[in-house]
Amino acid sequence: SPSADLTRCVDCPNGFDAEKGDCVCGDGEAAIDVDISGALLDEKQCIACDEDAFPGPSSVRVTSCERCGKNKVYDTTETPYECVCGTNYTMAGDGTCISDTDLAALGNSF
């Protein structure tokens, strides 16, 4: 399998998925080829993403887990997967999520 930086080939312990072009990993997992200290791995490892992070759809190469950020949740109903504002939050123009309560209070101040 190609490394995340596309500079070398790395073995896949659980097999290779030709359709997505990367190692086979389970849902909610990302295939990594560099450990936490930055050392290159001889074979890819499937790591589970934290609850507030996402690996992307299992149909594409996934080389890391991405965090959604404050007041955002991971939405798996759309492809590609994306972070959206959580319940009772609204997306502001700058991409941040504002609570509906704060938004209502702001609207009442004008």
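Analyst: Two strands count as paired if DSSP finds at least two bridges between them. That applies to β3 and β4 in this predicted model: 5 bridges join them, and the strands run antiparallel. Ile 32 has Gln 45 in β4 as its bridge partner. The hairpin of β3 and β4 has 5 residues between the strands, and Gly 38 there takes a positive phi near 95°.

Now the charged pairs. Side chains of opposite charge can pair when their charged atoms come close. A search of the whole structure finds 2 salt bridges.

Take Arg 8 and Asp 33. Their side chains meet in a salt bridge at 3.8 Å, N to O. The cut-off is 4 Å, so this pair counts. It links distant parts of the chain: Arg 8 lies in the segment before β1 (16-17), while Asp 33 belongs to strand β3 (residues 29-34), 25 residues apart. Arg 8 is partly exposed, at 23% relative accessibility. Asp 33 is buried, because its relative accessible area is 5% and the limit for buried is under 20%.

Next, Asp 22 and Lys 44. This salt bridge spans 2.7 Å, N to O. Asp 22 lies in strand β2 (residues 22-23) and Lys 44 in strand β4 (residues 40-48), so the pair ties together parts 22 residues apart in sequence. Asp 22 is buried, at 1% relative accessibility. Lys 44 is buried too, with a relative accessible area of 1%.

Asp 33 sits in β3, and Lys 44 sits in β4. Those strands are the antiparallel pair joined by 5 bridges.

Notes: Residues are numbered from 1 along each chain as its sequence is written. This is a predicted model: local features need pLDDT of at least 70, side-chain atom pairs count only at pLDDT 80 or more; totals for chains, interfaces and linings use all residues. Side-chain values use heavy atoms; hydrogens and water are left out. Helices (H or I, at least four residues) and strands (E, at least two) are DSSP runs, numbered from the N terminus. Buried means under 20% relative accessible area, exposed over 50%, partly exposed in between (1.4 Å probe, protein chains only).
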